Amino acid sequence: MLVNASEMLKKAKAGHYAVGQFNINNLEWTKAILLTAQELSSPVILGVSEGAGKYMTGYKTVVGMVKGMMEELNITVPVALHLDHGSYEGCLKCVEAGFTSIMFDGSHYPIEENVAKTKELVKIVAENGMSLEAEVGSIGGEEDGVVGMGECADPKECKMVADLGIDFLAAGIGNIHGKYPANWQGLSFETLDAIQQLTGDMPLVLHGGTGIPADMIKKAIDLGVSKINVNTECQLAFAAATRKYIEEGKDEQGKGFDPRKLLAPGTEAIKATVKEKMELFGSVGKA
Ligand code: 13P
């Protein structure tokens with residue numbers, strides 16, 4: 001069922017587990033994630049970055065594909081279709097296209113401007129039955145060509161934004177997108193704890209889920225994280241499986257060049273990654 005992400009994340013926060021947001025890039029990604037969620041009876045959030053939206057030819061294509069696929073595959077678990085790191089304009093486009101959830105990333109604006117724009121979106125999102133994620137404290141690493149520094153959010157600013165009527169809040173706690181560098185200091189649980197103390201029931205979002213060790217993930221969930229975003233890890237798994245297929249010369253055997261065969265190992269690798277994450281996040285059986 002295509003729903004907004006508000007209910008599933010409230011339940012996750014109350015139940016001390018997290019729902020995974022897995023970013024999609026194309027049909028294989030979407031299919032792998034939806035089938036795994038259904039198989040494991042887990043709620044799931046499909047994340048679409050602005051770059052991935054463009055790649056898939058636009059948000060309307062994405063909505064059409066996801067809705068059609070859910071019907072054809074009989075997907076009955078709760079699924080939210082969510083814009084990841086949206087600009088203000090991108091958010092409006094996704095409201096119009098039929099997404100069920102959006103993230104407005106105003107973390108690069110001064111806090112006053114982030115607050116003003118987030119407030120406007122709170123109204124628009126409510127009118128459309130959608131859910132809204134806001135961000136405080138930029139998350140490092142590279143995403144769609146934008147490199148952030150990976151800072152720790154100010155808990156007071158988090159409280160200010162949480163009180164605007166948003167549904168869930170992403171806060172920087174030393175997490176970054178992509179692979180973590182060898183000298184990474186780890187997550188700042190002190191910051192997370194301070195944010196959770198001030199924001200209470202607000203579900204918190206952990207970006208940059210790729211490569212965070214399992215014990216840190218569990219501790220973050222204990223401290224109020226209810227949504228964890230994973231993107232790069234599925235890409236790495238897909239690429240490694242596809243590389244193996246080609247290096248073994250399988251594309252040159254029989255009809256091994258058929259995209260339905262060529263892309264199959266990568267698709268299976270995404271499924272395995274998503275399964276592993278859902279088990280770690282504790283969302284299995286929570287649909
Ligand atoms: P990773 O690519 O590091 O998993 O981060 C995903 C993410 O946070 C998307 O917003």
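**Close-up 1. Helix H6 in the predicted model, residues 111-127.** In this predicted model, helix H6 has 17 residues and reaches 25 Å from its first C-alpha to its last, a span close to the 24 Å expected at 1.5 Å a residue. Asn 114, Thr 118, Leu 121 and Val 125 are the residues of H6 shown here as buried. These residues cover an arc of only 65° around the axis, which puts them on the same side of H6. An α-helix has 3.6 residues a turn, so residues three or four places apart point the same way. The face of H6 turned away from this buried side carries Glu 112, Glu 113, Lys 123 and Glu 127, which are exposed. On the buried side, the residues of H6 pack against helix H5 (88-97) and helix H7 (155-162), as well as against strand E4 (101-104) and strand E5 (131-136). After H6 comes Gly 129, whose phi is positive, near 65°.

**Close-up 2. Strand E4 and its pairing with strand E3.** Both faces of E4 are covered, with Ser 101 and Met 103 buried on one side and Ile 102 and Phe 104 buried on the other. In a regular strand the side chains alternate between the two faces of the sheet. E3 and E4 run parallel and are joined by three bridges, and across this pairing Leu 83 stands opposite Ile 102 of E4. Strand E4 is also among the elements against which the buried residues of H6 pack.

**Close-up 3. Helix H4, residues 59-72.** The end C-alpha atoms of H4 are 20 Å apart, which agrees with the 20 Å that its 14 residues should span at 1.5 Å a residue. Within H4, Tyr 59, Val 62 and Val 66 are the buried residues. They cover an arc of only 55° around the axis, and this puts them on the same side of H4. Gly 68, Glu 71 and Glu 72, by contrast, lie on the other side of H4 and are exposed. The cover over the buried residues of H4 includes helix H2 (27-39), strand E2 (44-49) and helix H3 (50-55), together with E3 and H5.

Close-up 4. Most residues other than glycine have a negative phi, and most peptide bonds are trans. His 85 is buried, because 25 other C-beta atoms lie within 10 Å.

**Close-up 5. Strand E2 and its neighbour, strand E1.** Strand E2 is mostly covered, since six of its six residues are buried. Val 44, Leu 46 and Val 48 point one way from E2, while Ile 45, Gly 47 and Ser 49 point the other way, and all of these residues are buried. Strand E1 (residues 19-23) and E2 run parallel and are joined by three bridges. Within this pairing, the bridge partner of Phe 22 is Leu 46 in E2. E2 is also one of the elements that cover the buried residues of H4.

**Close-up 6. The residues around the ligand.** The view takes in 15 residues around the ligand, of which His 207, Thr 210, Asn 229, Asn 231 and Thr 232 come nearest. By class, the shell around the ligand has 12 polar residues, two charged residues and one nonpolar residue. Strand E3 (79-86), strand E10 (225-230) and helix H10 (232-247) each supply at least two residues of this shell.

**Close-up 7. Met 216 and its contacts.** Met 216 lies in helix H9, which covers residues 214-222. Met 216 is partly exposed, with 14 other C-beta atoms within 10 Å. Leaving aside residues up to four places away in sequence, Met 216 touches Gly 186 and Leu 187. Although Met 216 and Leu 187 are 29 residues apart along the chain, their C-alpha atoms are separated by 7.4 Å.

Note on methods. Residues numbered from 1 in each chain as written. Predicted model: local features only at pLDDT ≥ 70, side-chain atom pairs only at ≥ 80, totals over all residues. Helix = DSSP H or I, 4+ residues; strand = E, 2+ residues; numbered from the N terminus. Expected span 1.5 Å × (residues − 1). Buried ≥ 20, exposed ≤ 12 C-beta atoms within 10 Å, placed from the backbone. Arc of directions from axis to C-beta. Contact = placed C-beta atoms within 7 Å. Near = placed C-beta within 6 Å. Nonpolar A, V, L, I, M, F, W, Y, C, P; charged D, E, K, R; others polar. Pairing = 2+ DSSP bridges.
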